[in-house]
Amino acid sequence: MSLMPDPRFELKKVTDSEWLILDHRYGPNDARRTVACVHQMEECLVGVVWVRDLPLRVSYTDAAEVLEDVNRFHSRSRSRRPIQIPHFPPLAAAA
C-alpha cells in the first residue's frame, strides 16, 4: 500500500519559469489532459491560466501550491455524498 498522494495530477516544469498541471486520467494526446498553465510573475508569485473551468485563484506563492489546490479541489468534490433527488409516485390520470 502506497502512502503517496493520488498521482492523478502532475506538475511538469516546461521552462525555468513555466509549468503545466497535467491530469493523467486522460491520454497524452488528449487536450483535456492539461489543467492549467503556471508562470512565474515575481520571486514569490506565480500566475495561473486555467485551461479547465475551475473556481480556483489565479495567483499563488509557488507552482507547488497550485498543484495542492487542484488536488484539494478534486478530492473534496469526490468525498461528498450525492445529492438526494426526491422520488414521487406517478400522478393518477384524471378520468
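Guide: A polar contact is a pair of N or O atoms within 3.5 Å. Please keep in mind that this is a predicted model.

Visitor: Which backbone oxygen does the side chain of R52 reach?
Guide: R52 lies in the loop between β4 (45–50) and β5 (59–60). Its side chain makes a polar contact with the side chain of D23 at 2.8 Å. At 2.6 Å, the side chain of R52 also reaches the backbone oxygen of R32.

Visitor: Is R52 buried or exposed?
Guide: The cut-off for a buried residue is under 20% relative accessible area. R52 has a relative accessible area of 18%, so this residue is buried.

Visitor: Which side chain of opposite charge is nearest to R33, and how far away is it?
Guide: R33 is placed in the loop between β2 (18–23) and β3 (34–42). Its side chain makes a polar contact of 2.5 Å with the side chain of H24. A salt bridge requires a side-chain nitrogen of Lys or Arg within 4 Å of a carboxyl oxygen of Asp or Glu. R33 is buried but has no salt bridge, and the nearest side chain of opposite charge is E10, at 4.9 Å.

Visitor: Which strands are the edge strands of the sheet?
Guide: Five strands form an open sheet with antiparallel pairing, in the order β1-β2-β3-β4-β5. An edge strand pairs on one side only, and here the edge strands are β1 (9–15) and β5.

Visitor: Which residue in β4 stands opposite Q40?
Guide: β3 and β4 pair in the antiparallel sense, over six bridges. The residue of β4 opposite Q40 is V46.

Terms used:
Residues are numbered from 1 along each chain as its sequence is written. This is a predicted model: local features need pLDDT of at least 70, side-chain atom pairs count only at pLDDT 80 or more; totals for chains, interfaces and linings use all residues. Side-chain values use heavy atoms; hydrogens and water are left out. Helices (H or I, at least four residues) and strands (E, at least two) are DSSP runs, numbered from the N terminus. Buried means under 20% relative accessible area, exposed over 50%, partly exposed in between (1.4 Å probe, protein chains only). Lys and Arg count as positive and Asp and Glu as negative; His and the chain ends are not counted. A polar contact is a pair of N or O atoms within 3.5 Å; within protein, one must be able to donate a hydrogen and the other to accept it, and residues adjacent in sequence count only if both atoms are side-chain atoms. Two strands pair if DSSP finds at least two bridges between them.
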